[in-house]
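Please look over the sequence and the model shown below.

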Amino acid sequence: MRSKKALINTVSGLAYEVVAVICGLMLPYLIINNEDYGSAVNGITQAIAQFLSCIALMKAGIGGVTRAALYKALAKNDIDKISAIIKATSSFMKKIALIFIGLTILFAVGFGIYMQNFVNPDESFDFWFTASLVVIISIGTFGEYFFGFTYEMLLNADQRQCVFSIIRIFTTILNTVVAVILITNHCSIHWIKLGAALVFLINPIAINLYAKHKYKLKKDIAPDNTALRQRWDALGHEVANFVNTNTDIMVLTLCADNIALVSVYTTYNMIIMGMRKLINTFINGFGAAFGNMYARKEYDLMEKNFRIYELIVFSLVSILYPVMTVMFVSFAAMYSHRDPEFSYLYPQPVFAMVISIAGAFSCIRIPYQNIVTVAGHFKQTRNGAFMEAILNIIISVACVFTFGLVGVAIGTLAANVFRTIQYVFYMSRNVLKRKVWHFAKHTIIFLSILVLTNVIARLCFNINTENVFTWIIAAIETTFVAAGLTIAADIIFYSDDMKRFFSKSVNMFRTIGKKKKKTA
């Protein structure tokens, strides 16, 4: 059953990520290359979104703690316990929502003054332009985080991520259609973002309605606040994740002499985050499945399945990220070629390499981080989260003035490597007893594939093209090289784990096939 749910979540999640990547590439492209908007407008909207996510840190910690508390209750089908946990989470989030509104107003005023007087005093980003844009963008953020969040955690813990994947596919396509219509009619960026905010309010409303219908939660039960007692410890983990995701843009916004650099960064980071989401999609159901095993104390089964989990993640990283390091620069050049003012800023080969490796380590940590999370070891690993945040901020600020974009990428890389290693050591010693050498071996193989793919692709393929068709051909060729090297390495070094993975996959499809025949 757990494997079947994982498969359904993977397929639906993959469909969503494909839609999200296509739509996510389309809209910034239209904005950057349209004379009504350009890189500066794209940069300021991205900066606002990132700063709003900083305010949303108030909800940080509650998600992981809620899921960890729900695993055991769901495994026992204890509706009273589930209802009590959800009620406690919902009550906490309503309080946070009120604080969010107040802080958003303060941010709108402060950022409006900052943009008008310190960044763009002689251009169109006056106080009212910026402040009103902050308020409009915050509508979608408010709805996503504070109305659907509680029930999204419930669906996640119960391996029903497919529900919100389907809902998001619909709203993402609808938002793209609405935005394209508004852009082609030369509407202001405010109308475009207002349209997006209203469309994405469908997500929390639909998730809320589905969860209440599915689980028949009890309304008159007392909230179980003890289930959330580790939320402040989990906050450190969320802060670290936030820092890795958002520090670069905030540092560039405050320290760079050109707001368009934020647009350059987000163009690269959009692909980095897309790859991370794609990998997460393939392994989406594993977290809840491991949570179920941990709740049932099936530790031996956890260790065997973790080896497969680890192999899948490293294999995906070893295929996707080497291709990214090879094809990134030419993609960025094509993406921005119609922006006459700032197109020269987008080709950044050193930055592309550093930020890609940083992104790879953010994916490599996923298996180890998930096992620590399902075990509920938030307090024990809290200090590592704080150190990651400090490293990223200090190194990024120290390097940005000398190295620009590359400087903030160096900060992210250092923080990601540190935190990944910290997770590996902690998990190996305190949750699943295993040798750290397993991680080191995987990492050495990944870095070797990264180097070999770059050498072969740069010697044999036309990777510096700005022709779309030629670029696609080169990307496919590079993918075949990375995939071939990865498969060869897996066969040589992890044959037993591969056999176990294929055996489980075959058994799962056979079970699904038998159930369909019985139904028919």
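Predicted model: local features only at pLDDT ≥ 70, side-chain atom pairs only at ≥ 80, totals over all residues.

Student: How many salt bridges does the structure hold?

Tutor: A salt bridge is a side-chain nitrogen of Lys or Arg within 4 Å of a carboxyl oxygen of Asp or Glu. By that criterion, the number of salt bridges in the structure is 8.

Student: Asp 80 forms a salt bridge with which residue?

Tutor: In this pair the closest N and O atoms are 2.5 Å apart. The pair links distant parts of the chain, from Asp 80 in helix H4 (residues 79-119) to a partner 138 residues apart in the loop between helix H9 (202-215) and helix H10 (231-255). Helices are DSSP runs of H or I with at least four residues, numbered from the N terminus. The partner of Asp 80 is Lys 218.

Student: Is Asp 80 buried, partly exposed or exposed?

Tutor: Buried means under 20% relative accessible area, exposed means over 50%, and partly exposed lies in between (1.4 Å probe, protein chains only). The relative accessible area of Asp 80 is 35%, so Asp 80 is partly exposed.

Student: Which residues is Ile 221 in contact with, leaving aside its neighbours within four places in sequence?

Tutor: Ile 221 lies in the loop between H9 and H10, and it counts as buried because its relative accessibility is 17%. The C-alpha atoms of Ile 221 and Asp 80 are separated by 7.4 Å, although these residues are 141 apart along the chain. With contact meaning heavy atoms within 4.5 Å, the residues that Ile 221 touches beyond its sequence neighbours are Asp 80, Ser 83, Ala 84 and Lys 87.

Student: Which residues are linked with Arg 434 in a network of salt bridges?

Tutor: Arg 434 is found in the loop between helix H17 (405-430) and helix H18 (437-460), and it counts as buried because its relative accessibility is 10%. Its contacts outside its sequence neighbours include Phe 306, Arg 307 and Tyr 368. The residues linked with Arg 434 in the network are Glu 303 and Glu 310.

Student: At what angle do helix H13 and helix H15 pack?

Tutor: Helix H13 (residues 299-335) and helix H15 (residues 366-374) meet through residues including Phe 306 and Tyr 309 in H13 and Pro 367 and Tyr 368 in H15. The residues of this contact divide into 9 nonpolar, 1 polar and 1 charged; Ala, Val, Leu, Ile, Met, Phe, Trp, Tyr, Cys and Pro count as nonpolar, Asp, Glu, Lys and Arg as charged, and the others, Gly among them, as polar. Axes are lines fitted to C-alpha atoms over the stretch in contact, and angles run from 0 to 180 degrees between N-to-C directions. The axes are 9 Å apart, and the packing angle is about 145°.

Student: How many residues of helix H6 are buried?

Tutor: Helix H6 covers residues 149-157 and is largely enclosed by the rest of the structure. Its buried residues include Phe 149, Tyr 151, Glu 152 and Asn 156. Just after H6, Gln 159 takes a positive phi of about 55°. The number of buried residues in H6 is 9 of the 9.

Student: What is the area of the nonpolar surface patch that includes Phe 480?

Tutor: Phe 480 lies in helix H19 (residues 468-493), and it counts as exposed because its relative accessibility is 64%. A nonpolar patch joins side chains of Val, Leu, Ile, Met, Phe, Trp or Tyr within 5 Å, taken from residues with over 30% relative accessible area and no salt bridge. Here the patch is made by Val 468, Phe 469, Ile 472, Ile 473, Ile 476 and Phe 480, and its area is about 620 Å².

Notes. Residues numbered from 1 in each chain as written. Heavy atoms only, no water. Patch = residues over 30% accessible without salt bridge, like charges linked within 9 Å, V, L, I, M, F, W, Y side chains within 5 Å. Areas by Shrake-Rupley, 256 points an atom, 1.4 Å probe, with all protein chains shown as cover. Helix = DSSP H or I, 4+ residues; strand = E, 2+ residues; numbered from the N terminus.
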